Amino acid sequence: MAQIPVDEMVDGRGGVRPHWRGLLSMISDLGHRELLERGRLMARALHDQTGAATAGHPGGCDPIPLLLTAQEFAGLADGLVQRAGLLEAVLRDLYGPRTLLADGVLPPSLVYPAPGFLRMGQGHGPGAHPGTHPGGRAAPFMTFYSADLIRGPDGAWRVVADRVARANGVGQALENRRQMIRMLPELFSGRQVRSLSPFFDAWQDSLQRLADLPDRNPGLVLLTPRPRGMLWAEHVILARELGCALAEAGDLAVRDGALWLKTVRGLRRVDVLLLRQDGWTVDPLELEGGSTPGIAGLLDAARGGAVHLVNHPAAGVVEAPGLAAFLPSLARTLLGQDLKLADVRTVWPAAPGGVDSLLSGDRSAWWLRDATDPMAPIRRLDRAGGDMIAALRDRPDRFVAVKAVAPSLAPSVQPGGIEPASIVLRLFALFDGTDWQVVPGGLARLLPDAETPPGSPMHRPRDGHVVTKDVWVMVEDTADLVGTAAIRTPILAIRRGQGDLPSRAADDFFWLGRYLEQLEDAGRVLRVVTRRVGRVDGSPRDRAELETVLHLARRVGLLQGDVTVGAGFATLVRALSAVTFDSGLLQRLLSEIARVAGGLRDRLTAETFDTIIEGTDTLRIQMQDARVPGDPGRTLERIGRVTDSLLRYGATISGLTAENMVRSGGRQFLDLGRRVERAGAILTSVALVLRQKDVDQRGRMEGALRLMLELSDCAITYRSRYFAVLQPAPVLDLLLLDEGNPRGVACQMAMITESLADLEGGGGDAGGADGGLAGTARAVMDRLRALVADMLASPQQDVAAAALPDRIQDIHDTLRSLGRQIARRYFVVLTPPRAVGGLRGADRSGAMDGTMDES
């Protein structure tokens, strides 16, 4: 007999449940088309706000929430708190006396093979050291817990999975609520819905209490397995809400028994570490590790009480699916209580007669799971292959059977109308040091089809699209609103820098600046090329200048192949149009900018981040529209529009960062990246233009000087000072020595020197004229001054200028070396290489970075 799923809106008599009536009336007033559009806007907003532009689209939030009455939620919360306490008790036994195993309450085959069980030896959990928690209590294994639930045909909620190791989704739940309030304020009108914000306040307070540091502000860090990964958006939200630094394993190190965050100004103590990666990967010294990097010595530091791990990596063992079959007996054994919130019926086949009972009955009524690995595939028993059935008979203790239950239905907005959809509800609980608190809301996921097991991880399905629902807990009229209790914190010392900037974030800011400047430099070169391609049949001077800028375009990476002036107008335009392809330099730079910005989502303002991401999307679309098959004239005109858009985009980002970012920390390294890249680009263009054949002839020298000014966008400034007279010394003084010229090398070097001197504390170790990296920057300016002075002293400036390219190239090499030294000094903790040569062109010897090995 087929199961009939419960409809969340309907009571047992076919009527609409009271708490749904007002909401349905408002939904009816809005209409399907409006709800569909609001849902689309929410999906886009979630995409932008969470930084998912670089981590795949997160799907969206269904415009119709899931409603829970206060009474219903209270029962669920009571059951969730009991389960959390039960699982904590199980962990204390498994990593302590292990009486559950010795007395046969739990089978060893369910514990020891589990990926979440860490073989650290008895007494090596957080509870082994009394006094590591405020008040002298042993620190808990779990301070955060979540469970996935479904409502069966009988109307009762049941648990389908416990989430301990990575109880993700609470950040997305908060973002869903914010977008619902923003996009659908009508739905909240006249309805009292419990807020989620107090839970995050309580969570932050609990982390500070866990650190128990009355004399200083605790160091809170969230460990993410990798930036821009599937759960990156979730981690960004949590770090922002909890006031944590967001770090990878490479940003952290254990020194002298304590955990430290590597920042650009040294090591910063970490007191509480929120783990958001698999437990067996966090410490390669003691655990098996894996492809995800870990922190050597982390568990030893935790055992000594130097750092608190939330949750402890050993807690993942209670996620074993087979444990559900034993939880009722465990509750009676450890708590002396019956389980208040039961699991979906779960059978361990290794029990006497278990296999025969499963195989002789209705096989379609059961899902077959790995008993120990929650991430293993889940299969319907009636569709299990012969090999799996043989394995089930041979080793029944390796499997667990879960009753197939039809989840309840909730209304959802679909393209064709408002339709019922199966849902899974995820609730979250927090241990605040004294009691467990449950989030007054949660995250509901729409199951894409009947073949999706409700107990599978809440990851995006194969099509990459996950739709979730905001979960509303209604407020009773008699309920008292109680805020979180304030905790005492030490008086904060005034700080005006951002010395705690993690090296990973500093590295990303540095390269964001360099990629933005590379894009702007490429745009300026492209603009000069497009202006001259139309004059391919012009005067010899026009053709000579076009040949020079084509050479520069190849060096920059805009052009591939050996296209020359003699190829003709149509061929040149066709070669230029390749810059708009996905494989072209511009598209690749835009991809890198979006990727790096996504990794900095927790450190960029909403306006700056949105402008960067929306700008890259707009430019990509414009490039796709620039190609007009068979019409080189229109293609050239559209490429010109793309060029203008590129330069406006760069100017917009520069203005936003100048006005919206504090002049230290991330802004400092972003600016360093831009200045290093811009100075190198100017030196490259000057050296290359001066290498023209017969450049010592006065006519050719004037053309070269004019081209240098145009490439650096300095023609108007020069003309206002010297009118129409072009001479090498004034041009090179403007481009190389004038600190007031924002498009000149001297201005860049002055800013580089100031930033480096600040980072080095005003001095630094030997290495330049005055020591340190700042001294190296000063030495670059000294060599440029000597270069222009020598030219001024020459009776023939044209001839002296023609001899400068090699000297300029040597200075450029010093500047490129300075870029590598900055990376080694401040980002050496990072290992992933930056494919700079791949963006700039592998053979750009005059470019800022012509190598592939810089990190």
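Helices here are DSSP runs of H or I with at least four residues, and strands are E runs of at least two, both numbered from the N terminus. Before going on, note that this is a predicted model, in which local features need pLDDT of at least 70, side-chain atom pairs count only at pLDDT 80 or more, and totals for chains, interfaces and linings use all residues. Residues are numbered from 1 along each chain as its sequence is written, and side-chain values use heavy atoms, with hydrogens and water left out.

Now step back into α8 itself, residues 197-211. How far apart are its end C-alpha atoms? They are 22 Å apart, which agrees with the 21 Å that its 15 residues should span at 1.5 Å a residue. (The expected span is 1.5 Å times one less than the number of residues.) Colour the buried residues of α8, among them F199, F200, W203 and L207. Buried means under 20% relative accessible area, exposed means over 50%, and partly exposed lies in between, using a 1.4 Å probe and protein chains only.

Next, select helix α3, residues 70-94. In this helix you will find Q82, which counts as buried at 7% relative accessibility. Leaving aside neighbours within four places in sequence, Q82 is in contact (heavy atoms within 4.5 Å) with L335, Q337, D338, L339, K340 and L341.

A salt bridge is a side-chain nitrogen of Lys or Arg within 4 Å of a carboxyl oxygen of Asp or Glu. Side chains of opposite charge can pair when their charged atoms come close. E88 and R92 are separated by about one helical turn because they are four residues apart in the helix. E88 is buried at 11% relative accessible area, while R92 is partly exposed at 29%.

Two other pairs are worth a click:

- D382 and R380 meet in a salt bridge at 3.2 Å, N to O; D382 is partly exposed at 36% and R380 is buried at 16%.
- R395 and D397 meet in a salt bridge at 2.9 Å, N to O; R395 is partly exposed at 37% and D397 is buried at 14%.

Then select E517, E520, R524, R527, R674, R678, D713 and R743 together: salt bridges that share partners join them into one network. A search of the whole structure finds 50 salt bridges.

Now go to T608 in helix α18, residues 606-625. Is T608 buried or exposed? At 1% relative accessibility, T608 is buried. Draw a distance from T608 to L656: they are 48 residues apart in sequence, yet 6.3 Å apart in space, C-alpha to C-alpha.

For the last stop, select helix α25 (residues 772-793) and helix α27 (residues 805-827), whose axes come within 10 Å and cross at roughly 170°. Axes are lines fitted to C-alpha atoms, for helices over the stretch in contact, and angles run from 0 to 180 degrees between N-to-C directions. The two helices are therefore roughly antiparallel to each other. (Angles over 145 degrees count as roughly antiparallel, under 35 as roughly parallel, 65 to 115 as roughly perpendicular and the rest as oblique.) Residues of α25 including L773, V780 and L787 meet residues of α27 including I808, I811 and L818.
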